[in-house]
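Hi everyone, thanks for coming along. I'd like to walk you through a few local features I picked out, and please stop me if you want to go back to anything.

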Amino acid sequence: MQHRDPYDILGVAATASAEDIQKAYRKLAKKLHPDLNPGNAEAEEKFKEIASAYGLVGDAEKRKKFDSGEIDAAGAERPPRNYYKDYASTDRDHPYADDSGFADFMSSEDAFSELLRRSARAQANRRGHDLEFSLAIEFVESIAGASKRLTLPDGRTLDVTIPAGVVEGQVLRLRGKGAPGSGKGGFGDALITIDIKLDRSFTRRDDDIYLDLPVTLTEAVLGARIRVPTPTGSVTMAVPKGSNSGTVLRLRGKGAPRHSGGHGDQFVKLKVMLPKEPDAELEAFVSGWANGSSYNPREEVTA
Amino acid sequence: MKLSRQEFLSLSGVDQETLDVWIEEEWLIPGDSSAGVSFSDIDVARARLIRDLKNDLGVNDAGVGVILNLLDQLHGLRRTFKQMRELAGTIPSG
């Protein structure tokens, strides 16, 4: 970025005395100080420029360095600053608010005065802002529901009831738990975005839940009644005789709650597992099992 | 954001004694809290404005009071004007 010469900006000669520089700066600042021009964005830009220039050549030490070329105009840039006007015009909730500048207009009976009165009332009773938070919960909590306590940045705590069946990204609105308003405006709301942590076992699609479940060879071949975990506790499920890896069994009503009432289902996909260690008895049995090599499970797998 | 007296002094660059005078003059109106007076962001911005007026613009004490009073009336008007514009937006035109 090209920086203009600070003497040019202030409109003084490079040989000007310190007093002349101060006088020039004051004259410009009186006209351009952002707080004396609350509706004028251009003034703020210009003021930034003259304040930087004055910061450089209004200081005897820095001016000497600048004149000798040791520092340049880029070194004088000021960090952005919040002015009084940035607070005073937006919020009425501070001790400096003063409506006396138009109090006389408010007592008339015309339409303009009515609008003015309504505006003043609306400001006096402005509702507080909504505050946004996010909350990470376990998958199981998202299905079964839960009570969580959220600690806010300001130290307040918020008790949040997670309804059963919430989905990722859903926003819970807690009425009246946001920022305080002014007058009779009341509190804003707290908006809590739900973030569901991935689960090691369960996944969800729509209202249904999916689970991969290992079973033993014996359970798969002979059938069995086994315990199956669900987000709301474990249940007993019948594995039919002759089940296979990939067989999907349905647990009716064990899914997530539906909007329309009732629940989705949980689908359990079986995975037949051999014992972890090689088993001599099993090996002996399978080598004597004549039908073991008479079926082709790869029929449909093409190269 | 609530600031203690100490935090306020370091943020605004105002010294202890000057702050007492400004509060006395009601140029600054700090809030009350259980731990004594408390300040907020708007107080810091207002203190910087007062400092600019006195140091940079060469305004004397009487002038500062007059300027603050007029500025606050101006901000009251601007705020109400903005609110009126919002309300006017809800009135069907035509």
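Let me start with how the elements get their names: helices, H or I and at least four residues, and strands, E and at least two, are DSSP runs numbered from the N terminus. And please keep in mind that this is a predicted model.

With that naming, let's go to chain A, where A:Asp206 sits in the loop between β6 (202-205) and β7 (208-216). As for accessibility, A:Asp206 counts as exposed because its relative accessibility is 65%, and the cut-off for exposed is over 50%.

Where is B:Glu26? You'll find B:Glu26 in the loop between α2 and β1 (31-33) of chain B, following helix α2. With a relative accessibility of 57%, B:Glu26 counts as exposed.

Helix α2 of chain B covers residues 16-24, and at its start a side-chain oxygen of B:Asp15 comes to within 3.2 Å of the backbone nitrogen of B:Glu17.

Now for the surface, and charge to begin with. Which residues gather in a patch of positive charge? They are A:Arg126 from chain A, together with B:Arg78, B:Lys82 and B:Arg85 from chain B. Taking one of them, B:Arg85 belongs to helix α4 of chain B, residues 61-90. B:Arg85 counts as exposed because its relative accessibility is 60%.

There is a nonpolar patch to show you as well. A:Leu217, A:Val221, A:Leu222 and A:Leu274 make up a surface patch of about 380 Å². Among them, A:Leu222 lies in helix α8 of chain A, residues 217-222. Is A:Leu222 buried or exposed? At 58% relative accessibility, A:Leu222 counts as exposed.

One last stop, back in chain A. A:Arg4 is in the segment before α1 (6-10), and at 45% relative accessibility A:Arg4 counts as partly exposed.

Note on methods: Residues numbered from 1 in each chain as written. Chains lettered and ligands numbered in written order. Predicted model: local features only at pLDDT ≥ 70, side-chain atom pairs only at ≥ 80, totals over all residues. Heavy atoms only, no water. Patch = residues over 30% accessible without salt bridge, like charges linked within 9 Å, V, L, I, M, F, W, Y side chains within 5 Å. Areas by Shrake-Rupley, 256 points an atom, 1.4 Å probe, with all protein chains shown as cover. Salt bridge = Lys/Arg side-chain N within 4 Å of Asp/Glu carboxyl O. Lys, Arg positive; Asp, Glu negative; His and termini not counted. Charge placed at Lys NZ, Arg CZ, Asp CG, Glu CD. Buried < 20%, exposed > 50% of the residue type's maximum accessible area, 1.4 Å probe, protein only. Polar contact = N/O pair within 3.5 Å; in protein donor to acceptor, adjacent residues only side chain to side chain.
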